[in-house]
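Hello,

Here is the structure you will be taking over. My notes follow below it.

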Amino acid sequence: MRVLLDTSVLIGAEAPGGPEGSISSASLAELHFGVLVAQSSDERARRAQRLGVIEATFDPLPIDAAVAREWGRLAAAVAERGGQPRRRAMDLAIAATANVAGVPLMTHNGADFHLITDLVRVEAP
């Protein structure tokens, strides 16, 4: 594994990464939510199809005790720096997963991590 793919990359137009990329189980949660709240049956079907491809492609990394500890560290840093960690809880869980795995986080939303760029390696696709 070379990078952890953020949900923003997984829903993007490009195909999901192969063996060089991995995902967090937090991204699967976000994708399942996205399917369930789709505004039309066509959009729901499109999202469900994409989710199926992603689930068939990746074995997601779990949110375990090590990721929970790292999430706490990142959330505390965001709070200390004037941010609202609860609003970005899933982003922080994904970033914590990347940190525990020792790989950069690839995201289209690098600005979401501006308060902790010194704590999380962020890459653009």
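**Notes on the chain**

Start with Arg50, which lies in helix H3 (residues 41-57). Helices here are DSSP runs of H or I with at least four residues, strands are runs of E with at least two, and both are numbered from the N terminus. Arg50 counts as partly exposed because its relative accessibility is 22%. The cut-offs are these: buried means under 20% relative accessible area, exposed means over 50%, and partly exposed is in between, with a 1.4 Å probe and protein chains only. Arg50 and Glu20 sit 30 residues apart in sequence, and their C-alpha atoms are 19 Å apart in space.

Before the rest, the ground rules. This is a predicted model, where local features need pLDDT of at least 70, side-chain atom pairs count only at pLDDT 80 or more, and totals for chains, interfaces and linings use all residues. Residues are numbered from 1 along each chain as its sequence is written, and side-chain values use heavy atoms, with hydrogens and water left out.

**More on H3**

Asp42 counts as exposed, since its relative accessibility is 65%. Its C-alpha atom is separated by 34 Å from that of Pro104, 62 residues apart along the chain.

Leu51 lies in helix H3 too. Is Leu51 buried or exposed? Leu51 counts as buried, at 7% relative accessibility. Beyond residues up to four places away in sequence, Leu51 touches Leu28, Leu31, His32 and Val35. Contact means heavy atoms within 4.5 Å. Leu51 and Ala77 are 26 residues apart in sequence, and 32 Å apart from C-alpha to C-alpha.

**Whole chain**

The protein chain has five helices and four strands. Their order along the sequence is β-α-β-α-α-α-α-β-β. The radius of gyration is 14 Å, close to the 14 Å that the globule rule gives for 125 residues, so the protein chain is as compact as a globular protein of that length. That radius is taken over C-alpha atoms, and the rule is 2.2 Å times the number of residues to the power 0.38. The C-alpha trace spans about 45 × 30 × 25 Å along its principal axes.

Of the 125 residues in the protein chain, 38% are buried. Take the contacts with a separation of 6 or more: 59% of them join residues 24 or more positions apart. The protein chain exposes about 6800 Å², and carbon and sulfur atoms supply 55% of that. Accessible areas come from the Shrake-Rupley method with a 1.4 Å probe; for residues, only the protein chains shown count as cover.

On charges, there are 12 positive and 15 negative, and their mean positions are 4 Å apart. Lys and Arg count as positive and Asp and Glu as negative, while His and the chain ends are not counted. Each charge is placed at NZ of Lys, CZ of Arg, CG of Asp or CD of Glu.

**Cores and H5**

Which residues have the most contacts inside the largest nonpolar core? They are Leu4, Leu74, Leu92, Ala95, Leu105, Ile116 and Val120, in a core of 18 residues. Such a core is a set of buried Ala, Val, Leu, Ile, Met, Phe, Trp, Tyr and Cys residues joined through side-chain atoms within 4.5 Å. Helix H4 (65-80) and H5 each supply at least two residues of this core. H5 gives the largest share, six residues. Another core, of twelve residues, lies apart from it; Val3, Val35, Ile54 and Phe58 are among them.

Ala95 is in helix H5. Ala95 is buried, with a relative accessible area of 0%. Not counting residues up to four places away in sequence, Ala95 touches Leu74, Leu105, Phe113 and Val120. Thr97 counts as buried, at 2% relative accessibility. Leaving aside neighbours within four places in sequence, Thr97 is in contact with Leu4, Ser24, Leu61, Ile63 and Val67. With that same exclusion, Leu92 is in contact with Trp71, Leu74, Ala75, Val78, Pro85 and Ile116.

Best wishes
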